[in-house]
Amino acid sequence: MADGGPVEHGFPHLETVRAAVTALYRRLSYDTVQQFATSVPPADVAFCDTDDLHLGAQRVARELVRHFRLPDARMVVAFREMQHAANVELTAGPEYFVELNDRFRGHRRDIGAALAHEIMHVYLHRVDLSFPGTRDNEILTDTATTYLGAGWLLLDAYREDGASSQKLGYLTPEEFGYVLAKRSLAFGEDPSLWFTSAQAYTAYERGLERARLDERQPPLTAAGWTGRRRYARDRRQAQGHGQGRGHGSAGNAGAGDVPYAFAADPAAGPLRVTFPCPTCHQRIRVPVRGRVRARCGLCRTVLECDT
Ligand SMILES: [Zn+2]
Ligand SMILES: [Zn+2]
């Protein structure tokens, strides 16, 4: 786990984050993801500066191991001087050696966040899910930690004041907020009460806005007027040419590229539209014929569409 350097903001890793959510549902299945409908509660991972360092770290590690349902895994936590924030050795187990940067001796309340990320490495190693390349694999790890209920700790470790800033993990604060919001929308859970960091709360709100935008893209019926108008225009064009793709106004940040695409059936069948599921981002394909109700096969979200 990396740390240090100026804090990056916004949504630069959104594509990989979304791919990570899809990969998680594919690898774990809907039923397994549902087992994580409740986040790890703050009381279970609280760590204050008067707690014994080693006993406290072991206790929090045990709680996280329990939360992630790794019954036979044992974390051995040690502190040492190192460049990174934390590290874990991925072996066959059942014992795993987690190293935390010495500076956590003086920042005990962030130990839970660092452990959550490292223990998720073990979890993903065990279910044999990884993305190629360190950057993408770390984004997968942060996304999985958050989607499976322990990432609010990572976001809460983000603090900024005039003189200093601190953030853990590879996602920006807003991206942590986004994944946390997607989780809260999927499971009906409100994490906003758990933040001790004001900046974390703000980042969560930004992420929530972005996550709600995913639910208001055409052809979903919840799409706004502007989106629907552009969709109708793109559809007319697609019908005229047999196939085609919606054209977003390139360079127009935020509202940029449209997420849907039209395609005619190869056997000269009816026109279809594909778009990402707002919950898991797997692509959904439905026929273009007005009102359609679809159900995502991966995350089982029911999608009301006006195609
Ligand atoms: Zn890592
Ligand atoms: Zn889905």
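1. Let me start with the zinc ion (ligand 2). In this predicted model, its protein donors are the SG atoms of Cys277, Cys280, Cys296 and Cys299, lying 2.3 Å from the ion. The 4 donor atoms make angles of 101 to 115° with one another, and the site is tetrahedral. For orientation, the ideal angle for four tetrahedral donors is 109.5 degrees.

2. The sequence pattern behind this site is worth a look. The donor residues of the zinc ion (ligand 2) are spaced C-x2-C-x15-C-x2-C. Cys280 sits in the loop between strand E7 (271–276) and strand E8 (283–287), while Cys296 sits in the loop between strand E9 (291–295) and strand E10 (302–306), so this pair ties together parts that are 16 residues apart in sequence. Cys280 and Cys296 are both buried.

3. How buried are they? His117 has a relative accessible area of 0% and is buried; His121, with 10%, is buried as well.

4. On the overall layout, the protein is divided into domain 1 (2–214) and domain 2 (225–306). Their C-alpha centres lie 33 Å apart. The contact between them takes 13 residues from domain 1 and 9 residues from domain 2.

5. Next, the interface itself. The size of an interface is often given as the accessible area lost when the parts come together. Between domain 1 and domain 2 the buried area is about 920 Å², with carbon and sulfur atoms giving 59% of that. On the domain 1 side, Thr22, Tyr25 and Tyr30 supply 46% of the area buried against domain 2, more than any other three residues. As for charged pairs, the count of salt bridges between domain 1 and domain 2 is 0.

How values were computed:
Residues are numbered from 1 along each chain as its sequence is written. Chains are lettered from A and ligands numbered from 1 in the order in which they are written. This is a predicted model: local features need pLDDT of at least 70, side-chain atom pairs count only at pLDDT 80 or more; totals for chains, interfaces and linings use all residues. Side-chain values use heavy atoms; hydrogens and water are left out. Donors are N, O and S atoms within 2.8 Å of the metal (3.2 Å for Na, K and Ca); water is not among the atoms, so sites may look incomplete. Four donors count as tetrahedral if all angles lie between 85 and 135 degrees; four count as square planar and six as octahedral if opposite donors are over 155 degrees apart and all others between 65 and 115; anything else is irregular. Helices (H or I, at least four residues) and strands (E, at least two) are DSSP runs, numbered from the N terminus. Buried means under 20% relative accessible area, exposed over 50%, partly exposed in between (1.4 Å probe, protein chains only). Domain bounds come from an automatic or database domain assignment. Contact means heavy atoms within 4.5 Å. Buried area is the accessible area (1.4 Å probe) that two parts lose on being put together, summed over both. A salt bridge is a side-chain nitrogen of Lys or Arg within 4 Å of a carboxyl oxygen of Asp or Glu.
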